[in-house]
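These are my notebook entries on one structure. I set down what I looked up, with the cut-offs applied.

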Amino acid sequence: WEFNGSFYQPSAFLMMGIPGLEALHHWISIPFCALYLIALLGNCMILFIIKRTQSLHEPMYYFLSMLAVTDLGLVLCTLPTTLGIFWFNMRRIGFDACLTQMYFIHILSFIESSVLLAMAFDRFVAICHPLRHPSILTKMTVIKIGLAIILRGMVSLLPIPFLLKRLTYCGKTELSHSFCFHPDIMNLACADIKVNVFYGMIILLSTVGMDFIFIVLSYILIIKTVISLATKEECLKALNTCVSHICAVLVFFIPMIGLSMIHRFGKNVPPLVNTLVAYTYLIIPPALNPIIYSIKSSHIREALLRALRRK
């Protein structure tokens with residue numbers, strides 16, 4: 001502990017694995033390793049295929065590349081601490097290291113939310129204004145959108161580590177997960193955390209919350225346009241281009257909203273449920289997104305088959 005008058009700050013936190021199943025951590029690590037491996041290989045494969053295939057150099061696949069890079073970042077943020085606990089029972093993480101991991105996890109989550117919104121906008125323009133799509137989403141526009149997404153995440157979350165460092169912490173230093181999460185750290189403080197709670201809620205609602213609302217509005221407009229199409233075949237063809245994106249949105253937003261609600265309002269939720277939702281939020285989307293796009297996108301699938309034949 002560091003002591004400075006009435007100010008107390010732990011030198012380290014203790015992370016949790018899966019509560020009640022500590023004796024089985026070595027066995028539980030097997031599916032986790034499989035998910036991490038799928039996420040790493042799958043997203044690297046998506047990036048490789050898009051880079052090598054000239055026909056995929058379009059806004060839709062540029063945004064998919066951003067999603068793959070973001071998913072790789074999320075995997076690399078949580079992999080060392082999660083497998084460190086399961087394999088070696090390494091539960092200790094330094095205070096500053098914990099804040100750094102938390103900052104990057106939240107930034108990458110916000111970036112993923114924004115990329116999913118950009119992909120929804122791309123589908124909206126492609127279906128509702130197909131003739132204007134090439135002129136609206138040029139390569140330079142896509143680059144500007146990507147830079148804006150990164151800047152938005154970095155700036156909006158920059159105060160969070162400093163708001164946590166100013167707090168006085170009590171004797172309890174055990175986190176609820178195998179990674180550092182803002183509400184989890186905040187709840188260990190024995191000081192007034194109203195500023196942290198208020199700022200966290202405002203940022204969450206003004207970024208991820210607004211992204212989700214605009215994604216829903218985009219699909220309402222897409223459905224209205226699709227319904228007005230002349231034939232059923234045209235309608236199904238237009239909707240088919242959105243299926244993989246809709247799956248990615250649901251896989252990301254449902255566990256994220258669930259985890260946020262549990263940390264803020266679910267005081268009586270069993271620790272095991274809290275842990276499983278957290279792992280679902282951070283590990284399942286990076287592993288499933290490449291599979292979803294490989295199965296549903298004929299262009300990705302064909303490019304992958306061509307690459308395999310060349311091998």
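I counted 12 helices and four strands in the protein chain, taking helices (H or I, at least four residues) and strands (E, at least two) as DSSP runs numbered from the N terminus. I then looked up the radius of gyration: at 21 Å it is close to the 19 Å that the globule rule gives for 311 residues, so the protein chain is as compact as a globular protein of that length. The radius is taken over C-alpha atoms, and the rule is 2.2 Å times the number of residues to the power 0.38.

I note that this is a predicted model, in which local features need pLDDT of at least 70, side-chain atom pairs count only at pLDDT 80 or more, and totals for chains, interfaces and linings use all residues. Residues are numbered from 1 along each chain as its sequence is written, and side-chain values use heavy atoms, with hydrogens and water left out.

I recorded the extent of the C-alpha trace along its principal axes as about 70 × 45 × 35 Å.

I found that 49% of the 311 residues are buried (under 20% relative accessible area, 1.4 Å probe, protein chains only).

I checked contacts (heavy atoms within 4.5 Å): of those between residues at least 6 apart in sequence, 80% join residues at least 24 apart.

I consulted the unreviewed UniProt entry, whose "transmembrane region" annotation includes residues 24-50 and 142-164; such annotations may be inferred rather than shown by experiment. Residues 24-50 are 96% helix and 0% strand, with end C-alpha atoms 40 Å apart. Residues 142-164 are 96% helix and 0% strand, with end C-alpha atoms 35 Å apart.

Notes: Buried < 20%, exposed > 50% of the residue type's maximum accessible area, 1.4 Å probe, protein only.
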